[in-house]
Amino acid sequence: MDDGRLRARYPRRMKIATFNINGIKARLPRLVEWLEQKAPDVACLQEIKTSDETFPIAEIEAAGYGAIWHGQKGFNGVAILAKGAQPVERRKGLPDDPDPSHSRYIEAEVNGVVVASIYLPNGNPAPGPKFDYKLAWFDRLIDHAADLWAGEMPVVLAGDYNVIPTPSTDDVFSERAMASDALTQPESRAAFRRLCNAGWTDAVRTIHPHGPVYTFWDYQAGAWQRDAGFRIDHLMLSPAAADRLTGAGVDKDTRALEKASDHAPTWITLR
DNA sequence: ATGCCCTCTAAAAGAGGA
């Protein structure tokens with residue numbers, strides 16, 4: 001086997017991104033540009049907001065990506081794209097979901113890595129049934145993460161967790177402004193800590209231990225212009241994946257474009 | 001205190017987002 005084929009099978013570096021695109025149909029030109037410019041090896045998408053039948057697979061394949069998706073008409077919806085490869089689907093939805101009508105989880109194997117694309121419920125208003133649903137969903141994710149932990153392969157749990165991990169301005173422009181929001185509630189943060197304490201590594205914060213690393217800026221009230229953002233898109237790594245972590249970042253330039261999503265793509269590199 | 005804005009679907013005096 002020549003070196004080129006070896007590199008294709010065992011790439012020396014793998015870039016894995018998560019991107020809540022807020023509507024894949026409205027965002028398709030931005031998505032294709034981003035794939036061509038940033039060339040992630042794997043892209044986990046959330047809020048594709050389209051049914052399975054209307055997923056724009058032709059355009060994504062034309063950009064050089066294979067894909068699997070778990071769609072839903074109008075809301076939610078997740079996908080996993082792989083550059084020059086077909087992600088091998090492992091599951092759609094979490095185990096034991098009492099309400100499988102929400103399309104919020106899809107999991108695949110790509111190049112020897114298990115990758116999940118996660119759209120955790122927002123949970124507003126808190127308290128209330130939507131907040132209860134968020135916490136219950138998070139508990140099921142943590143249970144499933146324990147099962148993945150027991151497997152052989154490195155695991156990356158990537159997505160929009162809808163949790164601001166800490167009150168620090170490193171994670172949120174104003175804790176006070178967000179005090180009543182489901183994203184900052186003690187129960188939301190406790191669930192996120194349970195995942196961390198189970199041994200999962202918050203990749204972005206590991207690479208950038210200090211300073212703001214926002215991933216979301218609201219469309220309203222000039223949030224982008226005044227950098228009123230927060231950090232809710234996370235890539236959580238199993239030990240085998242964390243051992244290979246070499247870099248992480250946020251594609252802030254993508255948020256500045258016309259017709260941008262309110263989230264920015266967030267990524268890691270693994271050796 | 002509330003809404004600011006955006007996308008979806010339906011065709012709204014709307015729902016949902018974060």
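Residues are numbered from 1 along each chain as its sequence is written, while chains are lettered from A and ligands numbered from 1 in the order in which they are written. Because the model is predicted, local features need pLDDT of at least 70 and side-chain atom pairs count only at pLDDT 80 or more, although totals for chains, interfaces and linings use all residues; side-chain values use heavy atoms, with hydrogens and water left out.

The UniProt record, in an unreviewed entry, places the feature "domain: Endonuclease/exonuclease/phosphatase" at residues 17-263. UniProt positions are given here in the numbering of this model, feature names are shortened, and annotations may be inferred rather than shown by experiment. The span 17-263 is 27% helix and 25% strand, and its end C-alpha atoms lie 12 Å apart. Helices (H or I, at least four residues) and strands (E, at least two) are DSSP runs, numbered from the N terminus.

Two sheets may now be considered. Strands of a sheet pair through backbone hydrogen bonds, either parallel or antiparallel. In this description, two strands pair if DSSP finds at least two bridges between them.

One open sheet consists of six strands in the order β3-β4-β2-β1-β14-β13, with mixed pairing. Its edges are formed by β3 (65-70) and β13 (245-250); each has a single partner strand, so one side of each is left without a neighbour in the sheet. On average, neighbouring strands of this sheet are turned by 15 degrees against each other, direction ignored. Strand β3 runs antiparallel to β4 (residues 78-83), and six bridges join the two. Within this pair, Trp69 stands opposite Ala79 in β4. Helix α2 lies across β1 (14-20), β2 (42-46), β3 and β4, running at about 160 degrees to β2. Contact here means heavy atoms within 4.5 Å. Axes are lines fitted to C-alpha atoms, for helices over the stretch in contact, and angles run from 0 to 180 degrees between N-to-C directions.

The other open sheet also has six strands and mixed pairing, in the order β5-β6-β7-β8-β12-β9. Its edge strands, β5 (88-92) and β9 (201-202), each pair on one side only. Four bridges join β5 to β6 (residues 105-110), and these two strands run antiparallel. Arg91 stands opposite Glu107 in β6. Helix α4 (residues 129-149) lies across β5, β6, β7 (113-119) and β8 (155-160), at about 20 degrees to β6.

The loop between β7 and α4 holds both Pro125 and Pro127. A cis peptide bond joins Asn124 and Pro125, with omega of about -5 degrees. The peptide bond from Ala126 to Pro127 is also cis, and its omega is near 0 degrees. Another loop, between β10 (216-217) and β11 (229-230), contains Asp227. The phi of Asp227 is near 55 degrees, a positive value in a residue other than glycine.

Finally, the text turns to the DNA. The surface near DNA strand B has nine nonpolar, nine polar and ten charged residues. For this count, Ala, Val, Leu, Ile, Met, Phe, Trp, Tyr, Cys and Pro are nonpolar, Asp, Glu, Lys and Arg are charged, and the others, Gly among them, are polar. Helix α2 (residues 24-38) gives the most to this surface, with three residues.

Of the atoms of DNA strand B within 4 Å of the protein, 75% belong to sugar or phosphate and the rest to bases. Asn122 has a polar side-chain atom 3.1 Å from a base nitrogen of DNA strand B.

Definitions and conventions:
A residue is near a molecule or strand if one of its heavy atoms lies within 4 Å of it. A polar contact is a pair of N or O atoms within 3.5 Å; within protein, one must be able to donate a hydrogen and the other to accept it, and residues adjacent in sequence count only if both atoms are side-chain atoms.
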